[in-house]
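Hello,

Here is the structure we talked about. Please have it open while you read; my notes follow below.

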Amino acid sequence: MRERRLNGALSAVPSEKNFSFSKNTTYGCGGVADLALFPRTEEEACKCFASLTKSGEKFFILGAGSDVLACDGVYDGIIICTSQLNSFYEEEQEGEVILNLSCGAAVSALLKLCRQKGYSGAEFLAGIPASLGGIVYMNGGAGKYISECVESVRIFDGKIRELSNKECDFSYKHSTMRDIKCFILSVKLRLKRENPQIVRKNIKDALSARSHIPAGRSCGCVFENYCGVSAGKIIESAGIKGATFGKAYVSRDHANFIINEGERAEDVFRLIKYIKQEVYKKFGITLKEEVCYIGDFE
C-alpha cells in the first residue's frame, strides 16, 4: 500500500485511508483501497473526477456497493464514494412531480418519500439495494426499468451536461453512461401523483414479488439474460445449482445468484468463471456478467 498525497483541489474533500470493500459492498468481501474520497457537493464531485482523470490515477466511482465485486488485497487506486451526495428537491407540476435526486440517494430513501407524499411510478424498485446513480448507470429494475421514469440525467465528463432520456440511449442493462467516462451527478424522475395508500400497497406488492430472492450476501443477479431467456434458467439447465468454490455457492433457490459466506472475492470470481465455462461447454452460450469488477482478477 502506498501513501497518496491529494493535491490542493482535493485536500478539502473528506477522505478515508484503507477503505474496506467488505464493509461497503453487498457481497461483503474483498480487500481495501488505498484511499476513498467522499465528495459532499456537485462541485467537489466534479473536482474529484477532473483531478484524478488528469493525473492518470486509477479510480472507481462507488455507490451503494451492489452489482460490484472488489478484488482481494489492495486496490491500487482511489474510490470516489457517492454516499454523501444524497440531496433531492421536488419540482411541482399539475398531476405530476419531477424529483431531482443526487446520485448517492438510496432507492429506499426515494421510496420512503413516495410513500409519504403519494408519488407513483417507481414502486417497482422496492427492495433493490442501489443508489440512484448506480441503478441509472445499469438501467436497473425488476420487471420494469428505471429508464421508464427518467426525465434526464446530469453528468460530468469534463463539463457538466444534462442528457435527456433519449440521449441516455437506454436499453436492457445499458445506458450511454456505460460507454463514456463520466460521473453521474443527479437524476430527474417524472412521477405521478397518487393516493399515498395506493403507493404503499404498490410498494408492498413489489416487495412481496421479490420475496423469493435468495437471502445472504450477493450482488443480485450475476449474469444478464441471454436473448430474452433467463440466465438463471440457463444455469439451472446446465446443472450448476449448488456449485461451490470456497465459501461462495450458486443458490439453489435462484441459479443466477451467487451467495458469499466468506471473505475472499476470489471464491466468487472463480465460481463466475466456472459457470461461464460450463454454460458455454453445454450450450455454446457465452453469458455476460452484470457485475462490475473493481481491481484486477485473473
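Predicted model: local features only at pLDDT ≥ 70, side-chain atom pairs only at ≥ 80, totals over all residues.

Let me start with helix 4. Helix 4 spans residues 196-209. It has 14 residues and reaches 20 Å from its first C-alpha to its last. That is close to the 20 Å expected at 1.5 Å a residue.

Which residues of helix 4 are buried? They are V199, I203 and A206. These residues cover an arc of only 60 degrees around the axis, so they sit on the same side of helix 4. They pack against helix 2 (107-117) and strand 8 (119-120). The face turned away from the buried side carries Q197 and K204, both exposed. Look at the start of the helix too. There, a side-chain oxygen of N195 comes to within 2.8 Å of the backbone nitrogen of Q197.

Three strands form an open sheet in the order 14-15-16, with antiparallel pairing. Strand 14 (244-245) and strand 16 (258-260) are the edge strands, and each pairs on one side only. Helix 6 (residues 265-283) packs on this sheet and touches strand 14, strand 15 and strand 16. The direction of helix 6 makes about 30 degrees with that of strand 15. Strand 15 covers residues 248-250, and three bridges join it to strand 16.

Now go to the loop between strand 15 and strand 16, where you will find N256. Is N256 buried or exposed? N256 has 3% relative accessibility, and the cut-off for buried is under 20%, so N256 counts as buried. Leaving aside neighbours within four places in sequence, N256 is in contact with G220, C221, V222, F223, A231, G232 and I235.

The last stop is M138. M138 is in the loop between helix 3 (132-137) and strand 9 (141-142). M138 is buried as well, with a relative accessible area of 8%. What does M138 touch, leaving aside its neighbours within four places in sequence? Its contacts are D67, K173, H174, R178, E290 and C292. C221, one of the contacts of N256, is 83 residues from M138 along the chain. The C-alpha atoms of M138 and C221 are separated by 12 Å.

Best wishes

How values were computed. Residues numbered from 1 in each chain as written. Heavy atoms only, no water. Pairing = 2+ DSSP bridges. Helix = DSSP H or I, 4+ residues; strand = E, 2+ residues; numbered from the N terminus. Contact = heavy atoms within 4.5 Å. Axes fitted to C-alpha atoms, helices over the stretch in contact; angles between N-to-C directions. Expected span 1.5 Å × (residues − 1). Buried < 20%, exposed > 50% of the residue type's maximum accessible area, 1.4 Å probe, protein only. Arc of directions from axis to C-beta. Polar contact = N/O pair within 3.5 Å; in protein donor to acceptor, adjacent residues only side chain to side chain.
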